[in-house]
Amino acid sequence: MKEKINRLFDEIRAWAPASKEDVEALRIQYLSKKGVITELFADFKQVSAEEKRELGKMLNDLKNAAQDKLNELKSQFDVAKESESLDLTRSASAVHLGTRHPLTLVKNEIIEIFSRLGFTVAEGPEIEDDWHVFGALNFPPEHPARDMQDTFFIEKAPDILLRTHTSSVQSHVMTTQKPPIRVLCPGRVYRNEAISYRAHCFFHQVEGLYIDKNVSFADLKQALLYFAKEIFGEDTRIRLRPSYFPFTEPSAEMDISCNICGGKGCNFCKHTGWVEILGCGMVDPNVLEACGIDSKVYSGYAFGMGVERITNLKYRVKDLRMFSENDLRFLNQFESTL
Ligand code: PHE
C-alpha cells in the first residue's frame, strides 16, 4: 500500500492537463466516489493497527495534495479563459458625466465676466468673528443695521458667528493686502430667516471690491453696466437707486430692466419694468481706516449680489428651495461640461 501511495504522489506531480475538461477527468479518476484515492481509503480499513498511524497520515496527505493541485490547475484555466474573452478592440463604455449645479454655473459666469476687468477671486471662512463681519465694516456695536442681517451666533463673547455676507472676506483682504486691490468674494452666507420659496437660511453671494487712487462712482457704474449687459444681454439697462449700507457712502441698489418682459411690466417685475439685483457704493472712509488703508490717498467701490437671484433671473427657478434639495430631475436640466 505504501508503494501504491508513493506511486500516486508521483502521478499527481506529473499531471499535465490540456484543458479544464482534462482537470475534471483527473478529479473523477482520482477523487470521485470510485476514484483511485477514494478506493485506497476503503482498503485502509483492512490494514493492521500498527500500520494505520503511518499510512493514515500518508493517505490524508495524498488526498490533500491531489485536491490542492486540482484547485490550482482549475484556476489557471479560468484565468486563461478570461483573457481569451477580453476584446481589446471594443469601444469603451460611456462614462456618465455629472452636471454642474446651476448656482456654480452662474457663479463661474459672474467670476469670468469680472475677471475680464482684472478682478481675482478671494475666499475666506464661513465661521467668522464679529470684527470681520461687522466691526471692520463700520457697524458700531448696537447699530440697528445689524438687524438687517439676522445673524446665527455660534458663541457670544467673543462673538463667533456664521458670516451674513462675504464682505467679511473683503475685511481680510483689506487688512492683509496693499492697494491696488481688485477682488471678487464668492461664497455661502447664512441668515436666520424662515425658509420659504423666496427665502432660505443660507444662500450664495459674489461681492466685489476695488481700491486704488482716484476710484470714482462713475467707475463703479461703468463696471456694473458692463456686467449687466454681459450676463443678461446687450439690451439690458440699469438704474441706481440711493440706499443705505454701513460700509458704503454713498450707497445704492441697482435694478436691471426686467429681462422677462423687456421693461414693459409683468408679474415678475411687479409691473415696474425693473428688478433689483445688487447693492453697491463707495467704500466708507471709516472702513478703509479700520483696515489700515489711508482714506486720504485711496478710495474704492464695493458691490454685492445674491447668486440665487441672478440664477432665478436667468433660468426662472420659481422656488429657491430647489437649489438645495439635490433633486436630479432639477439638476439634470443644467447639463454642462464647463
Ligand atoms: N454686503 C451687502 C449685503 O450682503 C451687499 C453689499 C456689498 C452692498 C457691497 C454694498 C456694497 O447685503
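Author: Let's start with burial: a residue is buried under 20% relative accessible area, exposed over 50% and partly exposed in between (1.4 Å probe, protein chains only). The model you have is predicted, so local features need pLDDT of at least 70 and side-chain atom pairs pLDDT 80 or more, while totals for chains, interfaces and linings use all residues. Residues are numbered from 1 along each chain as its sequence is written, and side-chain values use heavy atoms, leaving out hydrogens and water.

Reader: Let me try one. Is Val283 buried or exposed?

Author: Val283 is buried, because its relative accessible area is 9%. You will find Val283 in strand 9 (residues 274-283). Helices (H or I, at least four residues) and strands (E, at least two) are DSSP runs, numbered from the N terminus.

Reader: Which residues does Val283 touch?

Author: Contact means heavy atoms within 4.5 Å. Leaving out residues up to four places away in sequence, Val283 touches Leu209, Phe247, Thr248, Leu288, Gly300, Tyr301 and Ala302.

Reader: How many bridges join strand 1 to strand 5, and how many join strand 5 to strand 6?

Author: Two bridges join strand 1 to strand 5, and this pair runs parallel; Thr120 has Val183 in strand 5 as its bridge partner. Strand 5 and strand 6 run antiparallel, joined by ten bridges, with Tyr190 partnered by Phe202 in strand 6. Strand 5 is also mostly covered, as eight of its ten residues are buried.

Reader: How should I read a nonpolar core, and which residues touch the most other members here?

Author: A nonpolar core is a set of buried Ala, Val, Leu, Ile, Met, Phe, Trp, Tyr and Cys residues joined through side-chain atoms within 4.5 Å. The largest one has 44 residues, and Ile110, Phe114, Ile256, Ile277, Tyr301, Phe303 and Met305 touch the most other members. Among the elements giving it two or more residues are helix 5, helix 8 (217-232) and strand 8 (248-257). A second, separate core has 24 residues, including Cys185, Phe245, Phe247 and Val287.

Reader: What does Ile277 contact?

Author: Setting aside neighbours within four places in sequence, its contacts include Phe227, Phe232, Met254, Met305, Ile310 and Leu313.

Reader: Backbone checks next. Where are the cis peptide bonds?

Author: One joins Pro179 and Pro180, with omega about 0°; Pro180 sits in the loop between helix 7 (167-176) and strand 5. Another runs from Glu249 to Pro250, with omega near -5°, and Pro250 is in strand 8.

Reader: What is the phi of Arg316, and of Asn326?

Author: Arg316 is not a glycine, yet has a positive phi of about 55°. Arg316 lies in the loop between helix 10 and helix 11 (322-325) and is partly exposed at 43% relative accessible area. Asn326, also not a glycine, has a positive phi of about 55°. Its place is the loop between helix 11 and helix 12, and at 53% relative accessibility Asn326 counts as exposed.

Methods
Pairing = 2+ DSSP bridges.
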